Amino acid sequence: MIEPFGNQYIVARPVYSTNAFEEDHKKRDRHHKTFLDHLKVCCSCSTQRAKRIVLSLLPIASWLPAYRFKEWLLSDIVSGISTGMVAVLQGLAFALLVNVPPGYGLYAAFFPAIVYLFFGTSKHISVGPFPILSMMVGVVVSTMVPDTSITTPDNSSVTDDTLLNNRKVVVAATVSLFSGIIQLALGILRIGFVVIYLSESLISGFTTAAAVHVLVSQLKFIFQLQVPSHTDPFSIFKVLESVFTQIEKTNIADLVTALIILLIVSIVKEINQRFKDKLPVPIPIEFIMTVIATGVSYGFDFQTRFNVSVVGTMESGFMPPVTPDVQIIQNTIGDCFGIAIVAFAVAFSVASVYSLKYDYPLDGNQELIALGLGNIVSGAFRGFAGSTALSRSAVQESTGGKTQIAGLISAIIVLIVIVAIGFLLEPLQKSVLAALALGNLKGMLMQFAEIGRLWRKDKYDCVIWIMTFIFTIVLGLGLGLAASVAFQLLTIVFRTQFPKCSTLANIGRSNIYKNKKDYLDMYEPEGVKIFRCPSPIYFANIRFFRQKLINAVGFNPLRILRKRNKALRKIRKLQKQGLLQVTPKGFICTVDAVKDSDEELDNNQVEVLDQPINTTDLPFQIDWNDLPLNIEVPQISLHSLILDFSAVSFLDVSSMRGLKSILQAFIRIKVDVYIVGTDDDFIEKLTRCEFFDDEVNNSIFFLTIHDAVLHILMKKDYSTSKFNSSQEKDGKMDFTINTNGGLRNREYQVPVETRF
């Protein structure tokens with residue numbers, strides 16, 4: 001019963017061990033579902049279930065019938081046109097990162113957007129090329145198809161640009177298609193949770209490092225230099241070396257054009273950001289600068305006069321589908337998996353922001369299916385893997401996009417360029433596209449500011465960010481991501497392997513127990529230690545747990561046990577020889593020293609010294625704190641140990657033996673051990689693993705720390721001579737534990753100094 005009393009409360013209930021609580025409160029019989037039960041549910045079918053499956057696999061069927069044409073259509077059209085213009089330019093620019101002709105970037109901007117319209121669950125993200133993902137695909141392309149030459153079927157080496165570009169397109173398409181298959185498989189198997197292994201810190205560090213890679217990769221287009229592709233570790237430094245050793249060959253026209261474009265785009269983007277609330281739509285600066293740059297390049301014939309590198313011929317219409325190369329898949333399966341995971345992680349994180357902002361559900365597994373199908377179709381039609389670009393999604397949302405109808409309109413804009421007006425972009429300089437790609441990196445490069453924020457909030461996350469950045473810069477995107485995930489998992493192991501254990505004490509004379517180092521007004525019952533472990537106990541940290549516990553209590557129980565067994569052997573030997581007498585005042589030994597050495601007593605049988613102390617054959621009781629002067633055993637004042645396992649989420653089989661040996665060592669030296677905070681599943685697992693025996697039994701479990709403390713106070717037989725005479729009554733003290741938030745119990749024989 002809980003009695004309110006102002007802003008305090010008083011609880012009156014018995015002191016509960018786990019067993020006592022189960023006796024007073026009958027547990028409900030619960031049926032735990034087995035694999036067969038889940039299989040039956042999956043295989044069962046009904047009209048409603050079939051409808052839910054269809055709507056989940058085809059989300060457009062749920063929201064399109066409820067589409068508000070009068071309210072949403074105009075906004076979606078405006079948003080789609082703005083997003084479409086950005087998608088065209090980003091498709092062309094990010095194709096340079098993939099090392100394929102720019103025109104193929106339009107395919108990557110078109111097909112995923114159409115597929116996502118039908119299968120995606122987010123209303124606001126714009127699916128298509130993403131610079132980091134394009135860079136990852138480009139690394140694979142550079143590895144499989146070096147820029148120097150290719151080998152024809154008759155084993156002759158040629159350098160024909162057409163054959164070289166066709167081979168690059170096949171590699172990019174194959175990698176994208178297989179990455180889509182991986183995403184589709186993960187979505188069908190409902191294991192979209194794999195993205196949880198990529199923390200925000202890891203994603204931030206990885207995308208920042210990848211943005212640096214993108215920046216370096218675009219230098220060859222800005223300076224128009226012949227830089228060979230490097231894909232091995234330290235490749236970024238090799239590219240920089242190639243750039244700076246050829247810096248005198250820079251094409252000034254390309255450099256000046258790129259710097260002007262980059263400066264203007266950066267300034268206008270900043271204006272768009274600062275005045276986004278006042279501007280009806282963001283200024284389409286990328287589109288404007290592309291039109292101007294294309295016109296100037298064509299009008300002044302930059303290609304002939306200044307030898308600049310231009311987009312070149314763009315085929316009208318769609319190219320025929322490409323046949324995937326199985327050999328490429330075999331050689332790049334690891335890269336494909338990394339591309340699939342990064343694409344999903346980026347898209348899902350951006351989609352989650354908008355789903356929370358506009359309050360609509362988001363299905364991670366369905367997102368995997370939508371992205372997978374989009375990349376499969378894009379790869380089949382010579383495109384490359386896509387996700388969602390943050391800037392493009394921001395344009396779609398900020399210009400009033402309500403649904404993926406805006407995505408459909410943007411895809412139509414891309415389609416018009418592909419089939420009708422793509423030839424107009426042929427005079428466009430590649431340095432302009434490189435500048436536009438760099439203009440989209442500002443947000444990712446600004447993530448360097450995360451380091452300071454993370455350091456103040458969580459140093460582990462800050463270290464993960466820094467190491468992810470270093471791994472990705474040094475090892476490259478693929479190996480860097482793998483090493484970063486491994487390092488992140490290693491930090492989790494460190495956190496659990498070396499937990500911050502603490503000793504607790506009663507705070508404010510209540511039923512609240514906190515770290516005794518943190519508070520001034522604290523009470524620690526005499527002879528009682530309360531030890532808290534805030535992590536799982538498993539094979540890797542059981543030794544650390546044992547050492548921390550020994551440090552907390554101030555002695556090694558196993559050492560005390562061995563010392564006592566050695567002393568017991570000496571006492572038995574003295575008693576048999578008649579050299580030891582027992583008086584009411586203690587032991588009297590008639591010899592000054594015992595000649596038997598420890599080595600003789602041990603006889604190399606340490607296991608015997610670890611056994612329980614047995615004094616049944618002696619005609620007297622042994623007080624281990626009052627022994628003959630020539631027999632030394634460390635004295636201990638501890639009589640009870642409470643282990644707070646409320647934060648121990650699991651205990652593996654390997655650590656059970658270690659935990660049991662720890663408990664047995666304390667119990668054998670007459671230190672009572674109690675465990676609090678565990679749930680029923682924890683105790684059931686110990687029972688299944690035959691953890692309990694005559695020494696360690698299930699009566700050691702209590703519901704709370706306070707229950708265990710009160711049980712100890714009731715159990716100990718304190719001397720009445722310690723009582724204050726003014727508080728004595730018939731040899732007992734009328735003691736009621738009545739605290740603010742504490743327990744109110746019966747009369748107990750408890751010393752005054754233990755009052756709460």
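How much space lies in the largest cavity? In this predicted model, the largest cavity holds about 80 Å³ of space. It is lined by 14 residues, and the closest to its centre are Ala113, Ser126, Val127, Gly407 and Ser410. By class, the lining of the largest cavity has 7 nonpolar, 6 polar and 1 charged residues.

Let's move on to the next void. The second largest cavity contains about 60 Å³ of space. Around it you will find Leu198, Leu202, Ile203, Phe206, Thr207, Val342, Ala345, Val346 and Leu481. Two helices, α9 (200-217) and α16 (333-358), each give at least two residues to this lining, and the largest share, 4 residues, comes from α9. The lining of the second largest cavity divides into 8 nonpolar residues, 1 polar and no charged. Altogether, the count comes to 3 cavities of 30 Å³ or more.

Now for a pair of packed helices. Two packed helices are described by the angle between their axes and the distance between the axes. The axes of α7 (residues 131-144) and α8 (residues 161-188) come within 9 Å and cross at roughly 130°. Angles over 145 degrees would count as roughly antiparallel, and 65 to 115 as roughly perpendicular; α7 and α8 are therefore oblique to each other. Their crossing is right-handed. On the α7 side, the contact is made by Val137, Val140, Val141 and Met144, and on the α8 side by Lys168, Val171, Ala172 and Val175. Sorted by class, this contact has 7 nonpolar, no polar and 1 charged residues.

Conventions
Residues are numbered from 1 along each chain as its sequence is written. This is a predicted model: local features need pLDDT of at least 70, side-chain atom pairs count only at pLDDT 80 or more; totals for chains, interfaces and linings use all residues. Side-chain values use heavy atoms; hydrogens and water are left out. Axes are lines fitted to C-alpha atoms, for helices over the stretch in contact, and angles run from 0 to 180 degrees between N-to-C directions. Angles under 35 degrees count as roughly parallel, over 145 as roughly antiparallel, 65 to 115 as roughly perpendicular and the rest as oblique. A crossing is left-handed if the near helix is turned anticlockwise from the far one by less than a right angle, and right-handed if clockwise. Contact means heavy atoms within 4.5 Å. Ala, Val, Leu, Ile, Met, Phe, Trp, Tyr, Cys and Pro count as nonpolar, Asp, Glu, Lys and Arg as charged, and the others, Gly among them, as polar. On a 1 Å grid over the protein atoms alone, a cavity is a set of points where a 1.4 Å probe fits but cannot get out, and a pocket is an open set with protein on both sides within 12 Å along at least five of seven lines; lining residues have an atom within 4 Å of a point. Grid points are joined across faces, edges and corners, and a volume is the space filled by probe spheres set on the points.
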